[in-house]
Amino acid sequence: MHEQGGARGNFGGGPVNGEIYNHKQLRENLKSHQFRTGSDCEVIAHLYEEHGEEFVDMLDGMFSFVLLDTRDQSFIAARDAIGSIWFASEMKALSDDCERFISFPPGHIYSSKQGELRRWYNPPWFLEQTPSAFEKAVVKRLMTDVPFGVLLSGGLDSSLVAAVASRYLADSEAACQWESQLHTFCIGLESSPDLKAARQVADYLGTRHHAFHFTVQEGIDALEEVIYHIETYDVTTIRASTPMFLMSRKIKSLGVKMVQMKFLEVTCISIRHQTRRGFTKKHIKALHLYDCLRASKSTSAWGVEARVPFLDKEFINIAMNIDPEWKMIRPGRIEKWVLRNAFDHDQKPYLPKHILYRQKEQFSDGVGYSWIDGLTDHANSQVTDSMLISASFIYPENTPTTKEAYYYRTVFEKFFPKNAARSTVPGGPSVACSTAKAVEWDAEWLKNPDPSGRAALGNHAAACEEAAGNASYGNVISGSQKVQEGIVAKAAAVV
(Lines give C-alpha, C1' and ligand atoms only; values in the text may rest on other atoms or scores of the structure.)
Protein backbone atom coordinates (compact mmCIF):
# COMPACT_ATOMS: atom_id res chain seq x y z
CA MET A 1 0.00 0.00 0.00
CA HIS A 2 1.79 3.06 -1.20
CA GLU A 3 1.26 6.36 -2.92
CA GLN A 4 3.19 7.27 -6.01
CA GLY A 5 2.19 9.86 -8.60
CA GLY A 6 -1.31 10.31 -7.26
CA ALA A 7 -3.81 8.13 -5.48
CA ARG A 8 -2.26 4.74 -6.12
CA GLY A 9 -2.59 2.16 -3.37
CA ASN A 10 -6.10 3.13 -2.25
CA PHE A 11 -6.92 -0.13 -0.51
CA GLY A 12 -8.80 -0.75 2.68
CA GLY A 13 -6.56 -3.63 3.69
CA GLY A 14 -8.00 -6.34 5.87
CA PRO A 15 -7.02 -9.07 8.32
CA VAL A 16 -3.97 -11.18 7.51
CA ASN A 17 -2.10 -13.84 9.42
CA GLY A 18 0.83 -15.93 8.33
CA GLU A 19 4.47 -16.10 7.40
CA ILE A 20 5.57 -15.17 3.86
CA TYR A 21 8.96 -16.85 3.61
CA ASN A 22 9.96 -15.27 0.29
CA HIS A 23 8.91 -11.72 1.16
CA LYS A 24 12.44 -10.35 0.79
CA GLN A 25 12.72 -11.63 -2.78
CA LEU A 26 9.26 -10.27 -3.59
CA ARG A 27 10.23 -6.83 -2.27
CA GLU A 28 13.17 -6.78 -4.66
CA ASN A 29 10.71 -6.85 -7.56
CA LEU A 30 8.59 -4.09 -6.02
CA LYS A 31 11.21 -1.38 -5.69
CA SER A 32 8.86 1.26 -7.11
CA HIS A 33 6.57 0.69 -4.13
CA GLN A 34 6.96 2.42 -0.81
CA PHE A 35 6.96 -0.09 2.04
CA ARG A 36 5.91 1.30 5.41
CA THR A 37 6.76 -1.62 7.70
CA GLY A 38 9.14 -4.54 7.92
CA SER A 39 6.28 -7.02 8.07
CA ASP A 40 6.59 -9.95 5.72
CA CYS A 41 2.83 -9.71 5.08
CA GLU A 42 2.93 -6.18 3.69
CA VAL A 43 3.98 -7.51 0.29
CA ILE A 44 0.44 -8.86 -0.19
CA ALA A 45 -1.13 -5.43 -0.81
CA HIS A 46 1.70 -4.36 -3.13
CA LEU A 47 1.53 -7.56 -5.14
CA TYR A 48 -2.22 -7.14 -5.51
CA GLU A 49 -1.75 -3.62 -6.84
CA GLU A 50 0.93 -4.78 -9.27
CA HIS A 51 -0.60 -8.05 -10.49
CA GLY A 52 -4.29 -8.11 -9.50
CA GLU A 53 -5.97 -11.20 -8.11
CA GLU A 54 -3.56 -13.64 -9.73
CA PHE A 55 -0.63 -12.81 -7.45
CA VAL A 56 -1.34 -15.41 -4.76
CA ASP A 57 0.76 -18.14 -6.37
CA MET A 58 3.83 -15.92 -5.90
CA LEU A 59 3.52 -16.26 -2.13
CA ASP A 60 5.56 -18.97 -0.45
CA GLY A 61 4.54 -19.64 3.13
CA MET A 62 1.49 -20.20 5.28
CA PHE A 63 -1.18 -17.53 5.35
CA SER A 64 -4.82 -16.54 5.24
CA PHE A 65 -6.01 -13.05 4.46
CA VAL A 66 -8.84 -10.78 3.29
CA LEU A 67 -7.99 -7.81 1.07
CA LEU A 68 -10.50 -5.00 0.41
CA ASP A 69 -10.09 -2.79 -2.66
CA THR A 70 -11.88 0.44 -1.73
CA ARG A 71 -11.77 1.63 -5.35
CA ASP A 72 -14.70 -0.61 -6.24
CA GLN A 73 -15.44 -2.23 -2.83
CA SER A 74 -14.41 -5.63 -4.17
CA PHE A 75 -12.46 -8.02 -1.99
CA ILE A 76 -10.57 -11.28 -2.12
CA ALA A 77 -9.89 -13.88 0.53
CA ALA A 78 -7.16 -16.46 0.12
CA ARG A 79 -5.49 -19.28 1.94
CA ASP A 80 -2.12 -21.03 1.57
CA ALA A 81 -1.58 -24.04 -0.65
CA ILE A 82 -1.92 -26.89 1.83
CA GLY A 83 -3.82 -25.22 4.66
CA SER A 84 -2.91 -25.09 8.32
CA ILE A 85 -5.76 -23.18 10.04
CA TRP A 86 -9.45 -22.45 9.49
CA PHE A 87 -9.88 -19.25 7.55
CA ALA A 88 -11.81 -17.73 10.44
CA SER A 89 -9.07 -19.17 12.65
CA GLU A 90 -11.47 -21.38 14.58
CA MET A 91 -15.04 -22.59 14.23
CA LYS A 92 -15.91 -21.40 17.71
CA ALA A 93 -15.48 -17.83 16.47
CA LEU A 94 -18.45 -18.40 14.13
CA SER A 95 -20.53 -20.79 16.18
CA ASP A 96 -22.81 -18.24 17.88
CA ASP A 97 -23.67 -16.27 14.74
CA CYS A 98 -23.66 -18.76 11.87
CA GLU A 99 -25.96 -21.65 11.08
CA ARG A 100 -23.77 -23.11 8.35
CA PHE A 101 -20.02 -23.72 8.39
CA ILE A 102 -17.73 -24.77 5.60
CA SER A 103 -13.98 -25.13 5.48
CA PHE A 104 -12.20 -22.51 3.41
CA PRO A 105 -10.27 -24.95 1.21
CA PRO A 106 -6.49 -24.67 1.04
CA GLY A 107 -4.96 -23.28 -2.13
CA HIS A 108 -8.10 -21.26 -2.98
CA ILE A 109 -9.04 -17.62 -3.42
CA TYR A 110 -12.49 -16.08 -3.10
CA SER A 111 -13.29 -13.10 -5.32
CA SER A 112 -16.32 -10.94 -4.67
CA LYS A 113 -16.20 -9.85 -8.33
CA GLN A 114 -16.67 -13.41 -9.51
CA GLY A 115 -18.74 -14.46 -6.53
CA GLU A 116 -17.06 -17.82 -6.18
CA LEU A 117 -14.08 -19.73 -4.90
CA ARG A 118 -11.40 -20.75 -7.36
CA ARG A 119 -8.18 -22.69 -6.95
CA TRP A 120 -4.96 -20.76 -7.35
CA TYR A 121 -2.63 -23.63 -6.44
CA ASN A 122 -2.53 -25.83 -9.52
CA PRO A 123 0.58 -27.99 -9.68
CA PRO A 124 0.52 -30.76 -12.32
CA TRP A 125 0.07 -33.56 -9.77
CA PHE A 126 -2.93 -31.81 -8.19
CA LEU A 127 -4.70 -31.37 -11.51
CA GLU A 128 -4.43 -35.12 -12.17
CA GLN A 129 -2.16 -34.54 -15.02
CA THR A 130 14.97 -34.40 -2.77
CA PRO A 131 17.66 -33.54 -0.72
CA SER A 132 18.34 -30.00 -1.98
CA ALA A 133 14.61 -29.17 -2.16
CA PHE A 134 14.02 -30.44 1.35
CA GLU A 135 17.04 -28.62 2.72
CA LYS A 136 15.82 -25.39 1.14
CA ALA A 137 12.38 -25.96 2.71
CA VAL A 138 13.87 -26.32 6.19
CA VAL A 139 16.29 -23.39 5.84
CA LYS A 140 13.51 -21.17 4.52
CA ARG A 141 11.59 -21.81 7.73
CA LEU A 142 14.49 -20.65 9.88
CA MET A 143 13.29 -17.11 9.11
CA THR A 144 12.23 -15.97 12.56
CA ASP A 145 12.70 -13.30 15.20
CA VAL A 146 11.38 -15.40 18.10
CA PRO A 147 12.84 -18.31 20.11
CA PHE A 148 12.30 -21.56 18.22
CA GLY A 149 13.13 -25.26 18.09
CA VAL A 150 12.31 -28.54 16.35
CA LEU A 151 9.86 -31.22 17.45
CA LEU A 152 11.94 -34.41 17.45
CA SER A 153 10.27 -37.80 17.78
CA GLY A 154 13.34 -39.76 16.71
CA GLY A 155 11.60 -41.04 13.59
CA LEU A 156 12.96 -40.53 10.09
CA ASP A 157 11.09 -37.36 9.20
CA SER A 158 11.52 -35.31 12.36
CA SER A 159 15.14 -36.43 12.60
CA LEU A 160 15.83 -35.18 9.07
CA VAL A 161 14.23 -31.83 9.91
CA ALA A 162 16.44 -31.55 12.99
CA ALA A 163 19.54 -32.67 11.09
CA VAL A 164 19.11 -30.12 8.32
CA ALA A 165 18.16 -27.30 10.72
CA SER A 166 21.15 -28.07 12.91
CA ARG A 167 23.50 -28.16 9.91
CA TYR A 168 22.43 -24.77 8.55
CA LEU A 169 21.41 -22.92 11.72
CA ALA A 170 24.75 -21.17 12.26
CA ASP A 171 24.45 -19.34 8.92
CA SER A 172 20.79 -18.37 9.31
CA GLU A 173 19.34 -15.06 10.44
CA ALA A 174 17.82 -16.87 13.42
CA ALA A 175 21.26 -17.69 14.83
CA CYS A 176 22.19 -14.01 14.77
CA GLN A 177 19.36 -13.26 17.20
CA TRP A 178 19.31 -16.39 19.31
CA GLU A 179 21.80 -19.25 19.32
CA SER A 180 23.64 -21.51 16.91
CA GLN A 181 22.75 -24.60 18.95
CA LEU A 182 19.39 -26.04 17.99
CA HIS A 183 16.75 -26.76 20.65
CA THR A 184 14.79 -29.99 20.19
CA PHE A 185 11.66 -31.19 22.01
CA CYS A 186 10.01 -34.57 22.51
CA ILE A 187 7.20 -35.97 24.65
CA GLY A 188 6.20 -39.46 25.70
CA LEU A 189 5.13 -41.83 28.42
CA GLU A 190 7.74 -43.62 30.50
CA SER A 191 9.73 -45.98 28.22
CA SER A 192 8.33 -44.28 25.11
CA PRO A 193 10.07 -45.45 21.90
CA ASP A 194 10.13 -41.85 20.69
CA LEU A 195 11.84 -40.52 23.83
CA LYS A 196 14.61 -43.06 23.51
CA ALA A 197 15.16 -42.55 19.78
CA ALA A 198 14.92 -38.75 20.06
CA ARG A 199 17.61 -38.72 22.73
CA GLN A 200 19.90 -40.72 20.45
CA VAL A 201 19.34 -38.32 17.56
CA ALA A 202 19.80 -35.26 19.78
CA ASP A 203 23.07 -36.62 21.11
CA TYR A 204 24.27 -37.36 17.59
CA LEU A 205 23.36 -33.89 16.32
CA GLY A 206 24.49 -32.08 19.46
CA THR A 207 21.19 -30.29 20.03
CA ARG A 208 19.99 -28.86 23.33
CA HIS A 209 17.33 -31.45 23.96
CA HIS A 210 14.22 -31.19 26.16
CA ALA A 211 12.30 -34.40 26.81
CA PHE A 212 8.94 -34.22 28.55
CA HIS A 213 6.97 -36.98 30.25
CA PHE A 214 3.21 -37.27 30.55
CA THR A 215 0.97 -39.95 32.01
CA VAL A 216 -2.05 -41.64 30.47
CA GLN A 217 -4.24 -39.99 33.09
CA GLU A 218 -2.86 -36.54 32.25
CA GLY A 219 -3.75 -37.18 28.63
CA ILE A 220 -7.25 -38.36 29.50
CA ASP A 221 -7.78 -35.32 31.73
CA ALA A 222 -6.88 -33.07 28.77
CA LEU A 223 -9.18 -34.74 26.22
CA GLU A 224 -12.09 -32.32 26.50
CA GLU A 225 -9.78 -29.31 26.21
CA VAL A 226 -8.04 -30.92 23.22
CA ILE A 227 -11.31 -31.59 21.38
CA TYR A 228 -12.46 -28.04 22.09
CA HIS A 229 -9.31 -26.62 20.51
CA ILE A 230 -8.87 -28.96 17.53
CA GLU A 231 -12.60 -29.04 16.70
CA THR A 232 -12.91 -32.61 15.46
CA TYR A 233 -14.08 -36.00 16.67
CA ASP A 234 -11.79 -37.99 14.36
CA VAL A 235 -10.23 -40.73 16.50
CA THR A 236 -6.77 -40.73 14.98
CA THR A 237 -6.49 -36.94 15.09
CA ILE A 238 -7.46 -36.80 18.77
CA ARG A 239 -5.06 -39.58 19.72
CA ALA A 240 -2.13 -37.76 18.13
CA SER A 241 -3.21 -34.24 19.09
CA THR A 242 -3.30 -34.83 22.83
CA PRO A 243 0.44 -35.45 23.39
CA MET A 244 1.21 -32.57 21.01
CA PHE A 245 -1.18 -30.31 22.94
CA LEU A 246 0.53 -31.20 26.24
CA MET A 247 3.99 -30.70 24.73
CA SER A 248 3.04 -27.31 23.26
CA ARG A 249 2.00 -26.11 26.71
CA LYS A 250 5.39 -27.10 28.10
CA ILE A 251 7.25 -25.57 25.16
CA LYS A 252 5.41 -22.25 25.52
CA SER A 253 6.23 -22.14 29.23
CA LEU A 254 9.91 -22.18 28.26
CA GLY A 255 9.52 -19.05 26.12
CA VAL A 256 9.65 -20.82 22.75
CA LYS A 257 7.18 -19.49 20.19
CA MET A 258 7.92 -21.35 16.96
CA VAL A 259 8.76 -24.94 16.11
CA GLN A 260 9.56 -26.81 12.95
CA MET A 261 8.07 -30.24 12.81
CA LYS A 262 8.06 -33.34 10.72
CA PHE A 263 4.89 -33.85 8.88
CA LEU A 264 3.41 -35.95 6.45
CA GLU A 265 5.54 -38.51 4.82
CA VAL A 266 2.77 -39.11 2.28
CA THR A 267 4.68 -37.28 -0.44
CA CYS A 268 7.35 -39.97 -0.24
CA ILE A 269 5.07 -42.79 0.86
CA SER A 270 5.68 -46.25 -0.55
CA ILE A 271 3.00 -47.56 -2.86
CA ARG A 272 2.38 -51.03 -4.19
CA HIS A 273 0.60 -50.19 -7.41
CA GLN A 274 1.05 -47.30 -9.78
CA THR A 275 -2.65 -46.50 -9.52
CA ARG A 276 -2.12 -45.76 -5.82
CA ARG A 277 -0.58 -42.43 -6.81
CA GLY A 278 -4.16 -41.20 -7.05
CA PHE A 279 -4.65 -42.03 -3.39
CA THR A 280 -1.55 -40.03 -2.50
CA LYS A 281 -3.10 -37.02 -4.23
CA LYS A 282 -6.36 -37.56 -2.36
CA HIS A 283 -4.43 -37.78 0.91
CA ILE A 284 -2.65 -34.46 0.40
CA LYS A 285 -5.85 -32.73 -0.65
CA ALA A 286 -7.43 -33.80 2.66
CA LEU A 287 -4.52 -32.75 4.87
CA HIS A 288 -6.27 -29.66 6.17
CA LEU A 289 -8.92 -31.89 7.74
CA TYR A 290 -6.48 -34.21 9.50
CA ASP A 291 -2.74 -33.73 9.98
CA CYS A 292 -2.68 -29.99 9.27
CA LEU A 293 -5.61 -29.48 11.62
CA ARG A 294 -3.79 -31.40 14.36
CA ALA A 295 -0.48 -29.65 13.88
CA SER A 296 -1.94 -26.18 13.69
CA LYS A 297 -4.57 -26.21 16.39
CA SER A 298 -2.91 -28.31 19.07
CA THR A 299 0.12 -25.98 18.96
CA SER A 300 -1.65 -22.67 18.39
CA ALA A 301 -3.87 -23.38 21.42
CA TRP A 302 -0.78 -22.40 23.43
CA GLY A 303 0.44 -19.67 21.10
CA VAL A 304 3.12 -21.83 19.47
CA GLU A 305 3.56 -21.51 15.70
CA ALA A 306 4.24 -24.77 13.82
CA ARG A 307 6.15 -24.74 10.52
CA VAL A 308 6.20 -27.78 8.28
CA PRO A 309 9.01 -28.12 5.72
CA PHE A 310 7.60 -31.36 4.32
CA LEU A 311 4.66 -29.32 3.01
CA ASP A 312 6.83 -26.84 1.13
CA LYS A 313 5.37 -26.30 -2.35
CA GLU A 314 8.62 -26.98 -4.21
CA PHE A 315 9.33 -30.12 -2.21
CA ILE A 316 5.83 -31.50 -2.76
CA ASN A 317 6.06 -30.89 -6.49
CA ILE A 318 9.34 -32.80 -6.69
CA ALA A 319 8.14 -35.66 -4.49
CA MET A 320 4.85 -36.05 -6.34
CA ASN A 321 6.59 -36.17 -9.70
CA ILE A 322 8.85 -39.07 -8.71
CA ASP A 323 7.97 -42.17 -10.70
CA PRO A 324 5.72 -44.33 -8.48
CA GLU A 325 7.85 -47.31 -9.45
CA TRP A 326 10.59 -45.94 -7.20
CA LYS A 327 8.20 -45.73 -4.26
CA MET A 328 7.13 -49.35 -4.29
CA ILE A 329 7.93 -51.64 -1.38
CA ARG A 330 10.14 -54.46 -2.60
CA PRO A 331 12.34 -57.06 -0.93
CA GLY A 332 15.15 -55.07 0.66
CA ARG A 333 13.35 -51.75 0.16
CA ILE A 334 11.29 -50.47 3.08
CA GLU A 335 8.71 -47.71 3.15
CA LYS A 336 9.98 -44.20 2.35
CA TRP A 337 13.00 -45.74 0.66
CA VAL A 338 13.40 -42.75 -1.68
CA LEU A 339 13.73 -40.32 1.22
CA ARG A 340 16.02 -42.59 3.24
CA ASN A 341 18.27 -43.24 0.27
CA ALA A 342 18.47 -39.54 -0.62
CA PHE A 343 19.96 -38.71 2.79
CA ASP A 344 22.17 -41.80 3.14
CA HIS A 345 25.61 -40.17 2.94
CA ASP A 346 28.67 -42.08 4.12
CA GLN A 347 31.10 -39.16 3.96
CA LYS A 348 29.00 -36.58 5.80
CA PRO A 349 26.02 -38.47 7.27
CA TYR A 350 22.91 -36.60 8.30
CA LEU A 351 21.82 -39.32 10.74
CA PRO A 352 23.01 -42.64 12.19
CA LYS A 353 22.00 -45.62 10.05
CA HIS A 354 19.71 -47.10 12.69
CA ILE A 355 17.72 -43.85 12.80
CA LEU A 356 17.75 -43.33 9.04
CA TYR A 357 16.26 -46.79 8.63
CA ARG A 358 14.08 -46.86 11.75
CA GLN A 359 10.65 -48.35 11.07
CA LYS A 360 7.74 -45.94 10.90
CA GLU A 361 5.85 -45.47 14.18
CA GLN A 362 2.37 -44.00 14.36
CA PHE A 363 2.81 -40.87 16.54
CA SER A 364 0.13 -42.00 18.98
CA ASP A 365 2.08 -45.26 19.44
CA GLY A 366 5.51 -43.66 19.45
CA VAL A 367 4.72 -41.60 22.55
CA GLY A 368 4.12 -44.87 24.39
CA TYR A 369 2.32 -48.10 23.54
CA SER A 370 0.00 -47.84 26.54
CA TRP A 371 -1.41 -44.47 25.34
CA ILE A 372 -3.95 -45.87 22.89
CA ASP A 373 -4.75 -48.75 25.21
CA GLY A 374 -5.43 -46.25 28.01
CA LEU A 375 -7.75 -44.23 25.76
CA THR A 376 -9.77 -47.27 24.73
CA ASP A 377 -10.05 -48.44 28.35
CA HIS A 378 -11.28 -44.99 29.39
CA ALA A 379 -13.84 -44.92 26.57
CA ASN A 380 -15.06 -48.39 27.54
CA SER A 381 -15.72 -47.11 31.04
CA GLN A 382 -17.72 -44.15 29.71
CA VAL A 383 -19.78 -45.79 26.94
CA THR A 384 -21.94 -48.84 27.50
CA ASP A 385 -22.72 -51.58 24.98
CA SER A 386 -26.31 -50.39 24.69
CA MET A 387 -25.16 -46.84 23.96
CA LEU A 388 -23.00 -48.06 21.08
CA ILE A 389 -25.80 -50.24 19.71
CA SER A 390 -28.04 -47.15 19.59
CA ALA A 391 -25.34 -44.96 18.03
CA SER A 392 -27.01 -44.82 14.60
CA PHE A 393 -30.14 -43.30 16.16
CA ILE A 394 -28.24 -40.76 18.23
CA TYR A 395 -25.68 -39.91 15.55
CA PRO A 396 -27.13 -40.80 12.13
CA GLU A 397 -24.43 -38.76 10.37
CA ASN A 398 -20.88 -40.17 10.60
CA THR A 399 -22.11 -42.77 13.07
CA PRO A 400 -19.35 -43.82 15.51
CA THR A 401 -18.53 -47.53 15.30
CA THR A 402 -16.40 -47.89 18.44
CA LYS A 403 -16.80 -46.79 22.04
CA GLU A 404 -13.78 -44.53 21.72
CA ALA A 405 -15.27 -42.79 18.68
CA TYR A 406 -18.62 -42.51 20.48
CA TYR A 407 -16.99 -40.90 23.52
CA TYR A 408 -15.13 -38.30 21.42
CA ARG A 409 -18.34 -37.55 19.55
CA THR A 410 -20.22 -36.80 22.78
CA VAL A 411 -17.50 -34.38 23.89
CA PHE A 412 -17.47 -32.67 20.48
CA GLU A 413 -21.26 -32.30 20.44
CA LYS A 414 -21.16 -30.73 23.91
CA PHE A 415 -19.03 -27.89 22.56
CA PHE A 416 -20.41 -27.77 19.01
CA PRO A 417 -24.02 -29.00 19.00
CA LYS A 418 -25.13 -27.69 15.59
CA ASN A 419 -25.55 -29.97 12.58
CA ALA A 420 -23.26 -27.76 10.54
CA ALA A 421 -20.45 -28.23 13.05
CA ARG A 422 -20.48 -32.02 12.94
CA SER A 423 -20.54 -31.89 9.15
CA THR A 424 -17.14 -30.22 9.09
CA VAL A 425 -15.59 -33.53 10.17
CA PRO A 426 -15.21 -35.92 7.20
CA GLY A 427 -16.81 -39.32 7.48
CA GLY A 428 -15.53 -42.75 6.58
CA PRO A 429 -12.16 -44.27 7.44
CA SER A 430 -9.59 -41.65 8.36
CA VAL A 431 -6.89 -40.86 5.80
CA ALA A 432 -4.64 -39.35 8.45
CA CYS A 433 -1.03 -40.44 8.22
CA SER A 434 -0.45 -44.19 8.73
CA THR A 435 -4.10 -45.02 9.32
CA ALA A 436 -5.49 -48.26 7.97
CA LYS A 437 -7.05 -46.28 5.10
CA ALA A 438 -3.76 -44.57 4.30
CA VAL A 439 -1.91 -47.84 4.01
CA GLU A 440 -4.33 -49.85 1.90
CA TRP A 441 -1.42 -50.64 -0.38
CA ASP A 442 -0.09 -53.10 2.20
CA ALA A 443 -2.14 -56.27 2.52
CA GLU A 444 -0.79 -57.02 6.00
CA TRP A 445 -1.83 -53.64 7.33
CA LEU A 446 -5.32 -54.08 5.91
CA LYS A 447 -5.84 -56.84 8.48
CA ASN A 448 -5.45 -54.28 11.26
CA PRO A 449 -8.81 -52.99 12.59
CA ASP A 450 -7.30 -50.17 14.64
CA PRO A 451 -8.11 -46.73 13.14
CA SER A 452 -4.56 -45.49 13.74
CA GLY A 453 -3.17 -48.33 11.66
CA ARG A 454 -0.49 -49.48 14.10
CA ALA A 455 2.23 -50.38 11.67
CA ALA A 456 2.04 -54.12 12.16
CA LEU A 457 0.10 -56.05 14.76
CA GLY A 458 3.06 -58.21 15.77
CA ASN A 459 5.37 -55.23 16.13
CA HIS A 460 3.11 -53.58 18.70
CA ALA A 461 3.15 -56.61 20.98
CA ALA A 462 6.91 -57.10 20.57
CA ALA A 463 7.60 -53.45 21.32
CA CYS A 464 5.49 -53.60 24.47
CA GLU A 465 7.57 -56.52 25.72
CA GLU A 466 10.80 -54.64 24.94
CA ALA A 467 9.50 -51.47 26.61
CA ALA A 468 8.71 -53.40 29.78
CA GLY A 469 12.34 -54.43 30.03
CA ASN A 470 13.66 -50.92 29.45
CA ALA A 471 11.73 -48.83 31.95
CA SER A 472 14.51 -46.29 32.28
CA TYR A 473 17.20 -45.08 29.92
CA GLY A 474 18.21 -42.00 31.93
CA ASN A 475 19.13 -38.42 31.16
CA VAL A 476 15.58 -37.19 30.54
CA ILE A 477 14.86 -33.54 31.28
CA SER A 478 11.81 -32.88 33.42
CA GLY A 479 9.06 -30.77 31.91
CA SER A 480 9.36 -28.36 34.83
CA GLN A 481 13.00 -27.56 34.07
CA LYS A 482 13.79 -24.32 32.27
CA VAL A 483 15.53 -23.93 28.97
CA GLN A 484 19.08 -22.59 29.36
CA GLU A 485 19.24 -19.04 30.70
CA GLY A 486 20.37 -17.57 27.38
CA ILE A 487 17.26 -18.37 25.38
CA VAL A 488 14.93 -17.54 28.26
CA ALA A 489 16.51 -14.13 28.70
CA LYS A 490 16.23 -13.40 24.99
CA ALA A 491 12.63 -14.60 24.94
CA ALA A 492 11.79 -12.27 27.81
CA ALA A 493 13.31 -9.37 25.90
CA VAL A 494 11.01 -10.06 22.95
CA VAL A 495 7.93 -10.50 25.09
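## Ground rules

Contact here means heavy atoms within 4.5 Å. What you're looking at is a predicted model, where local features need pLDDT of at least 70, side-chain atom pairs count only at pLDDT 80 or more, and totals for chains, interfaces and linings use all residues. Residues are numbered from 1 along each chain as its sequence is written, and side-chain values use heavy atoms, leaving out hydrogens and water.

Helices (H or I, at least four residues) and strands (E, at least two) are DSSP runs, numbered from the N terminus.

## Two crossing helices

Let's start with α16 (residues 370–382) and α19 (residues 403–415). Their axes (lines fitted to C-alpha atoms, for helices over the stretch in contact, with angles from 0 to 180 degrees between N-to-C directions) come within 8 Å and cross at roughly 70 degrees. That makes the pair roughly perpendicular (65 to 115 degrees; under 35 is roughly parallel, over 145 roughly antiparallel, and the rest oblique).

Who touches whom? From α16 come L375, T376, H378, A379, N380 and Q382, and they meet K403, E404, Y407 and Y408 of α19.

## The sheet

Now for the strands: β8-β7-β6-β9-β10 is the order of an open sheet of 5, with parallel pairing. Strands pair if DSSP finds at least two bridges between them. At the edges sit β8 (208–213) and β10 (305–307), each pairing on one side only.

Strand β9 (residues 258–260) is joined to β10 by 3 bridges, and M258 has E305 as its bridge partner. Helix α9 (residues 235–253) packs on the sheet, touching β6, β7, β8 and β9.

## A tucked-in helix

Finally, α4 (residues 156–168) is largely enclosed by the rest of the structure, because 10 of its 13 residues are buried (under 20% relative accessible area; exposed is over 50%, partly exposed in between, with a 1.4 Å probe and protein chains only). Among them are L156, D157 and V164.
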